[in-house]
Amino acid sequence: MECTTFSTVIYLFMVCATTMIFAQRGQDLNGHCLHITQCKKIGYICSNNKTCQCRPGYRPNGEWTKCVGLVGSKCFYDSQCIEGAYCTGAQDFEKCKCKDQDNFYTSEDNLHCINSSYSIRRKSSAMIVSNLSLLWAGVFLTNGLFR
């Protein structure tokens with residue numbers, strides 16, 4: 001066998017091996033696919049337009065680079081869950097759950113893990129604005145500005 005033929009065989013082998021490794025790994029969000037097996041295993045489907053998209057129960061992350069699981073969705077790693085959530089549970093039954101120890105709780109629609117201290121600050125701000133509005137209305141009424 002000539003040296004150039006041997007080099008070509010080695011090159012083709014390397015290209016095929018690399019392609020197979022990446023094909024098994026699966027495509028990320030918007031990656032090309034012909035079948036669901038070509039997308040990443042957790043949270044993806046192969047859509048009608050032949051791209052990997054988020055399956056129900058998952059949504060794109062903030063950068064639109066990958067699908068992340070909503071609260072209650074299957075996961076293997078914390079990075080597969082929405083912000084403020086982690087992956088927990090028995091093997092093969094892991095689910096995304098809000099981080100209780102960091103004062104997060106699940107929104108009513110399971111789309112977000114909400115930091116309770118942030119929520120209290122937002123409610124307090126809204127209450128202050130509401131109270132100021134009532135105060136100014138009272139000032140106008142008592143001074144006869146609305147007569």
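At 52% relative accessibility, Asp92 counts as exposed, because exposed means over 50% relative accessible area, buried means under 20%, and partly exposed lies in between (1.4 Å probe, protein chains only). That residue is a handy way into this predicted model, where local features need pLDDT of at least 70, side-chain atom pairs count only at pLDDT 80 or more, and totals for chains, interfaces and linings use all residues. Residues are numbered from 1 along each chain as its sequence is written, and side-chain values use heavy atoms, with hydrogens and water left out.

**The chain as a whole**

- The protein chain contains 2 helices and 8 strands; helices (H or I, at least four residues) and strands (E, at least two) are DSSP runs, numbered from the N terminus.
- If you follow the sequence, the pattern is α-β-β-β-β-β-β-β-β-α.
- The protein chain has 147 residues, and 24% of them count as buried.
- Take the contacts (heavy atoms within 4.5 Å) between residues at least 6 apart in sequence: 19% of them join residues at least 24 apart.

**Disulfides: the overall pattern**

- A disulfide is a covalent bond between the sulfur atoms of two cysteines.
- Here a disulfide is counted when a pair of cysteine sulfur atoms lies within 2.5 Å, and the structure holds 6 of them.
- Number the bonded cysteines of the protein chain in sequence order, and the pairing reads 1-3, 2-4, 5-6, 7-9, 8-10, 11-12.

- Cys54 and Cys67 are joined with their sulfur atoms 2.1 Å apart.
- The torsion about the S-S bond of Cys54 and Cys67 is about -100 degrees, so this disulfide is left-handed.
- Cys54 sits in strand β2 (residues 52-54) and Cys67 in strand β4 (residues 67-69), so the pair ties together parts that are 13 residues apart in sequence.
- Both Cys54 and Cys67 are buried.
- Cys75 is bonded to Cys87, with an S to S distance of 2.0 Å.
- The link of Cys75 and Cys87 is right-handed, with 100 degrees about the S-S bond.
- This pair links distant parts of the chain, 12 residues apart: Cys75 is in the loop between β4 and β5 (85-88), while Cys87 is in strand β5.
- Cys75 is buried, and Cys87 is buried too.
- Cys81 pairs with Cys96 in a disulfide whose S to S distance is 2.2 Å.
- Which hand does the disulfide of Cys81 and Cys96 have? The torsion about its S-S bond is about -85 degrees, so the disulfide is left-handed.
- This pair also links distant parts of the chain, 15 residues apart, with Cys81 in the loop between β4 and β5 and Cys96 in strand β6 (residues 95-98).
- Cys81 is buried, with a relative accessible area of 7%, and Cys96 counts as buried at 3% relative accessibility.

- Thr51 lies in the loop between β1 (44-46) and β2, and Ser47 lies in the loop between β1 and β2.
- Thr51 counts as buried at 17% relative accessibility, and Ser47 is buried with a relative accessible area of 16%.
- The side chain of Thr51 makes a polar contact of 2.6 Å with the side chain of Asn49; a polar contact is a pair of N or O atoms within 3.5 Å, where within protein one must be able to donate a hydrogen and the other to accept it, and residues adjacent in sequence count only if both atoms are side-chain atoms.
- A polar contact of 2.8 Å joins the side chains of Thr51 and Gln53.
- The side chain of Ser47 makes a polar contact of 2.4 Å with the side chain of Asn49.
- Not counting residues up to four places away in sequence, Thr51 touches Asn30, Gly31, Cys33, Ile45 and Cys46.
- Leaving aside neighbours within four places in sequence, Ser47 is in contact with Cys33 and Gln53.

**Two residues with positive phi**

- Asp92 is found in the loop between β5 and β6, and its phi is near 70 degrees, a positive value in a residue other than glycine.
- Where is Trp64 found? Trp64 is in the loop between β3 (58-60) and β4.
- Phi of Trp64 is near 60 degrees, a positive value in a residue other than glycine.
- Trp64 counts as exposed at 59% relative accessibility.
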